[in-house]
Amino acid sequence: MKIGFAGLGVMGAPMAGHLVAAGHDVAGFNRSPDKARAWAEAHKARFAASVAEAATGAEVFILCVGNDDDVRVVVTQAIPQLAPGAVIVDHTTTSATVAREMSALAAEHSLSFIDAPVSGGQAGAEVGQLSVMAGGDAQALARAEPVIHAYAKAVKHMGPSGAGQLTKMVNQIAIAGVVQGLAEAVHFAQAAGLDTDAVYDAVSKGAAQSWQMDNRWKTAAEGRFDFGFAVDWMRKDLGLVLDEATANGAKLDLTRLVDGYYAEVQAMGGGRWDTSSLKARLS
């Protein structure tokens with residue numbers, strides 16, 4: 001397929017690279033032209049000087065950018081250039097509100113918009129093993145799904161527009177609680193004078209096991225926090241979660257508490273540390 005891809009950052013660049021490797025005709029755009037050129041050179045692909053150029057004639061247009069406002073700008077610029085009936089797939093983590101706005105805007109031009117946030121982080125993007133939770137028209141998603149599978153191991157349709165973003169919020173709520181528990185567990189083990197490697201071997205085979213434990217226990221114990229999803233981005237996501245909870249009445253006491261802890265990590269200069277750096281504020 002002819003594909004436009006906007007946002008060649010730590011997630012978008014490898015995702016777009018997998019599309020090229022799968023044989024698609026991909027035009028990549030990034031606000032930093034040097035990143036776009038470097039991506040194009042690395043993958044022997046085309047880079048575009050503008051969103052409009054990347055979108056020209058695209059049957060599927062994919063974006064992975066920063067926030068709600070970025071999505072509005074990119075989608076608005078892309079729509080006039082897309083092929084008739086094209087599908088827009090947004091992998092940015094945003095509010096459900098902007099997903100619904102963009103879906104309505106796309107529909108006005110006989111296009112489809114899928115809100116499709118991902119889970120799996122930079123490592124998942126690099127190895128093509130992301131999980132995608134999608135909201136929007138099921139038939140439009142079905143047309144785009146073979147493309148998405150170039151970098152995703154699982155794609156789940158969650159319901160109408162906005163449902164993908166709401167599901168991603170659930171994901172972030174669950175992660176926040178698990179990572180705080182992991183931080184306190186490592187901190188307690190060290191305070192008790194235990195061998196943290198031995199503790200991991202003992203507890204990771206039972207009910208305490210989690211992806212976070214398997215991937216972040218050892219590095220958190222060593223005080224290394226340069227792996228994957230950054231605190232700054234987690235706080236952005238939790239802000240979306242808490243805004244939505246205010247609107248729908250959900251009680252998220254623990255999530256609000258952990259968001260405050262991440263604010264403390266930012267104040268320590270850890271905005272670019274990974275989310276397991278909750279451990280740092282306990283040291």
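**Exercises on salt bridges and exposure**

At 34% relative accessibility, Glu-101 counts as partly exposed, because that class lies between buried (under 20% relative accessible area) and exposed (over 50%), using a 1.4 Å probe and protein chains only. The model is predicted, so local features need pLDDT of at least 70 and side-chain atom pairs count only at pLDDT 80 or more, while totals for chains, interfaces and linings use all residues. Residues are numbered from 1 along each chain as its sequence is written, and side-chain values use heavy atoms, with hydrogens and water left out.

**Exercise 1.** Work out which parts of the chain the pair Glu-101 and Arg-72 ties together.

*Solution.* Begin with the contact: the two side chains meet in a salt bridge at 2.9 Å, N to O, where the term requires a side-chain nitrogen of Lys or Arg within 4 Å of a carboxyl oxygen of Asp or Glu. Glu-101 lies in helix H5 (residues 96–108) and Arg-72 in helix H4, so the pair joins parts that are 29 residues apart in sequence; helices here are DSSP runs of H or I with at least four residues, numbered from the N terminus. Arg-72, at 26% relative accessibility, is also partly exposed.

**Exercise 2.** Determine whether Asp-70, the salt-bridge partner of Arg-31, is buried or exposed.

*Solution.* The closest N and O atoms of Arg-31 and Asp-70 are 3.4 Å apart. Asp-70 has 16% relative accessibility and therefore counts as buried, whereas Arg-31, at 66%, counts as exposed.

Technical notes
Helix = DSSP H or I, 4+ residues; strand = E, 2+ residues; numbered from the N terminus.
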